[in-house]
Amino acid sequence: MSTATYELLAVSQHQLNVFAAFLGGLVVALALIWAVRVGMRVMDKDVHHPTPEEQPKMPDGGPVREEREMREPDDVVPEDGRRLMPYEIHRASTRTGKDQTRKRWQPGSSGGFGSGGPGHV
């Protein structure tokens, strides 16, 4: 075999590899398109889409506004020293604080460990 034959075989092998990669990519793309279409069909059958009458409505009093409050931790140990029973513990472990003023940032009071700031002074 001559060098020209090897070159011809190498070129044809390269073309075959490119064609096989193209076919593989085409198969993967078609499989993805098919999977999306099947998924859309299943979603259309299974999910009940609410009608306009079933959509949520705004309350009669207008939109609900945000409520801000300062919270403080709930005491786990009562004043009389007895043990709290599970039914005496609230769902939230905090309660409305006595002081409702918002804590403000003060110059020189911030900075974490390693941040280069002086920290809380």
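**Figure 1. Secondary structure of the predicted model.** The protein has one helix and two strands, arranged α-β-β from the N terminus on. Helices (H or I, at least four residues) and strands (E, at least two) are DSSP runs, numbered from the N terminus. This is a predicted model, in which local features need pLDDT of at least 70 and side-chain atom pairs count only at pLDDT 80 or more, whereas totals for chains, interfaces and linings use all residues. Residues are numbered from 1 along each chain as its sequence is written, and side-chain values use heavy atoms, with hydrogens and water left out.

**Figure 2. Surface and burial.** The protein exposes about 11700 Å², of which carbon and sulfur atoms supply 62%; accessible areas come from the Shrake-Rupley method with a 1.4 Å probe, and for residues only the protein chains shown count as cover. Of the 121 residues, 3% are buried (buried, under 20% relative accessible area; exposed, over 50%; partly exposed, in between; 1.4 Å probe, protein chains only).

**Figure 3. Surroundings of Thr 96.** Thr 96 is found in strand β2, which spans residues 94-96. With a relative accessible area of 42%, Thr 96 is partly exposed. Not counting residues up to four places away in sequence, Thr 96 touches Glu 69, Met 70, Arg 71 and Glu 72 (contact, heavy atoms within 4.5 Å). The C-alpha atoms of Thr 96 and Asp 74 are separated by 9.1 Å, the two residues being 22 residues apart along the chain.

**Figure 4. Polar contacts of the Thr 96 side chain.** The side chain of Thr 96 makes a polar contact of 3.1 Å with the side chain of Glu 69, and a polar contact of 3.2 Å with the side chain of Arg 71. A polar contact is a pair of N or O atoms within 3.5 Å; within protein, one must be able to donate a hydrogen and the other to accept it, and residues adjacent in sequence count only if both atoms are side-chain atoms.
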